[in-house]
Structure formats: C-alpha cells, structure tokens
Amino acid sequence: MINGERTIARPLRWGMVGGGRTGQVGYKHRTGALRDGTYQLLAGAFDLDAARGRDFGTRLGVAEDRCYATYQELIAGETAREDGVEVVSIATPNFTHFEITKACLEAGLHVICEKPLFFTVAECDEVAALAREKGLIVGVTYGFTGHPLVHQMAAMVKKGMLGDIRIVDMQYTHGFNSGDDTGAGEAVKWRTNPATAGSTFVLGDIGTHLYYLSEVVLPHLKIDKLLCDRKAFIPTRAPLEDHATVLTHYDNGARGRLWVSSVNAGNMGSQRYRFVGSRASVEWSDAHPDQLIYEVQGEPNRTLHHGMPYLEEESLAVDRMGALHTEGLGDSWANIYLWIAQAIDAKQRGDEAFLSSHHYPGIEAGTEGVRWLENCVRSADAGAAWVDYQ
Ligand code: NAD
C-alpha cells in the first residue's frame, strides 16, 4: 500500500510546459506529481498567453521570475541556475511534444510527456537515442494505468487464472464531439487538424490509452496483423477520424476488437476492457475503477473490490486509499508520477539494476503507442485492409 512516505532521497525539482489555467490536462499532472512529496513545482511556461501563464503560475506558488513566457526561456533560465529544475512535464498539444522534448533532453532535463508521444516512430527512435546518450528518462503519462485493479488484471493473467487469452475487447467512447465544430474551443480545434494533432484524432487521443493498458495487462501478446476502419462523421474533421474500429490478430491466435469514438452521443461510459481466457474473463471500466468483474466459466460471477486482502500482491502494493474508500483517477496519476520519479531517481544514482525491473510508462511505451497509430492509419488509408504489424 502506498501511504505518501517518500521513496526517493529528495523531491525532484520540477517544471511544466503547458497545462495552464485553461488547459484540460494540467491539473491531472499536478494532482499526480504533488501527492507524495516526490516533486516540487518550481518553474513553468504554463500558457501560450504569457501574462495569463505568469498569473496562473504565481497562484500555484511558483516564483514570478520562474514563470516563463516560452519553453525556450524556461530551459535557458532554469539551466542557468544551480537550483534549476531537473525534470519537465509537457502538457501541450501533440505537435509540440517532439520539439519541446528534444530541447529539454539536449539541455540535460528529464522529460514527462503527454501522449500520443510524437507523430512518428522515427521521431520516437531519435528521442530514445538522445535520452540514452544523455542518461535521461522520458516518462509518458498514460494516466489510467496506475489504477490498482489494472495491476490485479495483469497479475491474474500472469498467474494463468484466465487460462489462454482468446479475446481482447476494448472500448473508449464519449459523445462530446457529436455535433459539428462551430464555435469549438482550442482543445477541439487542434485535435481535429492534422498539422497539430498528427495523423489521427480519436485513435491517438483516446485509443492509445486502450492500447497501452492492454500492453500492461497482456505483455506477452504481440500483434500479428490489424484492420482499422475510420470515419469522420463530421466531414470538416476529415482526413482525421471521430470514430474508428480496429480488429486485431495476436501472435497467440487471440482476436481483438477495439472501438474508439467521440460521437457516441450521450455515452458517458468512458473506457471498458474485457479480457477473455479459456477458463475465465475479467472486465473493468474506468467509470467504476474500484470494481473488477471476474467470471469463471461454470461458477457464480464475482465482483472484486480494490484494497481487499484477497487481491494479488501486485494490486495491493499500488493501492492508496484502502478498501471501502473510493480510489480514483487522481490516485492513478499519483502512481504514474511516483513510478516515473523512482525511475529518474534510479537514473541519477546510476542504478540500472533497479531500472531493468521497474515498471513505469517510458519511451518504449510511448513509441509502441505511436507504432500502433502508424499501423492503424496504414490500414485505414488502404481502405480498411488487413495489414501485417510493423
Ligand atoms: P489544451 O488545449 O486544453 O491545453 C493546452 C495547454 O498548453 C494550454 O494551457 C496552452 O496555453 C498551453 N500551450 C500550448 N502550446 C504551448 C507552448 N508552446 N508553450 C507553453 N504552453 C503551451 O490541451 P489538453 O487537452 O490539455 O491536451 C494537452 C496534451 O495532453 C495533448 O497531447 C493531449 O493528447 C494530452 N491529454 C492527455 C490526457 C491523459 O489522460 N493523459 C488527457 C487529456 C489530454
């Protein structure tokens, strides 16, 4: 169980790029990072609007002279200080991730970046090589995979409790973009423009969460081939999609079905996962993250609750609130940030043995998400054809 005791020697000096007052995801970063005393928010280039960013930063408790107008100024200002930040989170629109990550790494700063990490696998490979050369960590905020019951599912699969995995059924949908984009805010505008979003809308925006969580639960399954069918129900969003389905063949013979959509009108279900094995199935949704449905063929169905002693050690180890009390998205983000802090701390101490067995979403996870998107787009652009996974 995690109880807030500091697990690294001292808090990491932390800065943020983006995630300002009007940003959607910034508070999730701060909720995650500031929970366990592993990060201290000391600097930021929080906003494209420099004055608003400064006002916002000072209200977060950041010194005025460390609220910068641009990320370039942040890097220059902080690297010039002895007590400058050592890790920077990037919570800006997709098209900026690559250049800001590279600039931070080149300046010797660890990076925690939003997903989808970059536009191409080639960019991911370039950054992975740079991070390796500089001895720095790149973490990726797949914020839903800190939930304790995600790790319960992974442990059950590992123990063979489901039998051989046969079916992977995943859905992340909502209806917030069911209407057209007249009068849409900035967050919708950049998400529906290929120049700022990349080659996908909902596949990258929400589908990458499904894909990464499936990697955490089923690390032994690799994709052989997939078929992706995507469509823009609101034509102005084309060539990007507001709806997609992906069929998957895995190397063990398992079959997958994935649905992402932001035009599922009225739907508030968010994410749903069902992993079916030859003996039993598990089903979990982030709408009810405290409960896991466990169904064994021929037996009464069970609902497992987070924090209960009957759960696997891997799940209990990352529980924060204890059974009976709600454990939610903020707790999941706190775990992600904690695991990345432990990775940075180990890197700084040169503890490669710790790093080799430490679980956190890093550059590989970010790269695999981008690889999945590239394969989806290749299939969709070939007319929803089956493509070998590359
Ligand atoms: P947003 O448009 O709501 O907010 C972006 C913020 O970044 C704003 O504060 C804006 O002023 C600032 N900004 C933009 N460019 C900047 C720059 N060059 N320098 C400094 N600040 C800059 O976007 P959002 O919805 O918060 O999404 C941001 C990123 O987070 C995207 O990559 C998105 O895919 C990702 N995201 C991830 C999750 C998750 O669960 N991990 C959830 C939502 C969004």
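The structure is a predicted model, in which local features need pLDDT of at least 70 and side-chain atom pairs count only at pLDDT 80 or more, while totals for chains, interfaces and linings use all residues. Residues are numbered from 1 along each chain as its sequence is written. The protein chain is divided into domain 1 (12–144 + 335–362) and domain 2 (148–321 + 369–388), with bounds that come from an automatic or database domain assignment. Both domains give residues to the shell around the ligand, so the ligand lies between them.

**Domains and their contact**

- The centres of domain 1 and domain 2, taken over C-alpha atoms, are separated by 26 Å.
- Domain 1 gives 16 residues to the contact and domain 2 gives 20 residues, where two residues are in contact if their C-beta atoms, placed from the backbone, lie within 7 Å.
- On the side of domain 1 that touches domain 2 there are 11 nonpolar, four polar and one charged residues; in this classification Ala, Val, Leu, Ile, Met, Phe, Trp, Tyr, Cys and Pro count as nonpolar, Asp, Glu, Lys and Arg as charged, and the others, Gly among them, as polar.

**Ligand shell**

- The ligand is surrounded by 24 residues, of which the closest are G18, G20, G23, Q24 and E114; a residue is near a molecule or strand if its C-beta atom, placed from the backbone, lies within 6 Å of it.
- Strand 1 (12–18) and helix 7 (186–191) are the elements that give two or more residues to this shell; helices (H or I, at least four residues) and strands (E, at least two) are DSSP runs, numbered from the N terminus.
- By class, the shell around the ligand holds eight nonpolar, 11 polar and five charged residues.

- Five strands form an open sheet with parallel pairing in the order 2-1-3-4-5; two strands pair if DSSP finds at least two bridges between them.
- Strand 2 (39–45) and strand 5 (138–140) are the edge strands, each of which pairs on one side only.
- Neighbouring strands of this sheet are turned against each other by 25 degrees on average, with direction ignored.
- Strand 4 (residues 110–113) runs parallel to strand 5 and is joined to it by three bridges, and C113 has V140 in strand 5 as its bridge partner.
- Helix 3 (residues 71–79) packs on the sheet by touching strand 1 and strand 2, and its direction makes about 130 degrees with that of strand 2; axes are lines fitted to C-alpha atoms, for helices over the stretch in contact, and angles run from 0 to 180 degrees between N-to-C directions.

- Nine strands form an open sheet of mixed pairing in the order 13-12-11-10-6-9-8-7-14.
- Strand 13 (302–305) and strand 14 (386–388) stand at the edges with a single partner strand each, so one side of each is left without a neighbour in the sheet.
- The twist from one strand to the next averages 15 degrees.
- Strand 11 (residues 280–285) and strand 12 (residues 291–296) run antiparallel and are joined by four bridges, with A280 opposite V296 in strand 12.
- Helix 6 (residues 148–158) packs on the sheet, touching strand 6 (165–173), strand 10 (270–277), strand 11, strand 12 and strand 13, and its direction makes about 165 degrees with that of strand 11.
- Helix 13 (residues 363–381) also packs on the sheet, touching strand 7 (223–231), strand 8 (243–250) and strand 14, and its direction makes about 60 degrees with that of strand 7.
- Strand 6 and strand 10 pair in the antiparallel sense over eight bridges, and I165 stands opposite G277 in strand 10.
- Strand 10 and strand 11 pair in the antiparallel sense over five bridges and form a hairpin with two residues between them; R274 stands opposite E283 in strand 11.

**Helix 6 against helix 9**

- The axes of helix 6 and helix 9 (residues 202–217) come within 8 Å and cross at roughly 45 degrees.
- That angle makes helix 6 oblique to helix 9, given that angles under 35 degrees count as roughly parallel, over 145 as roughly antiparallel, 65 to 115 as roughly perpendicular and the rest as oblique.
- V150, M153, A154 and V157 of helix 6 make the contact with L213, V216 and V217 of helix 9, and by class this contact has seven nonpolar, no polar and no charged residues.

**Backbone details**

- Most residues other than glycine have a negative phi, and most peptide bonds are trans.
- K115 and P116 are joined by a cis peptide bond with omega about -15 degrees, and P116 is placed in the loop between strand 4 and helix 5 (121–134).
- The peptide bond from A238 to P239 is likewise cis, with omega near 10 degrees, and P239 is found in the loop between strand 7 and strand 8.
- S270, which is in strand 10, has a positive phi of about 60 degrees although it is not a glycine.
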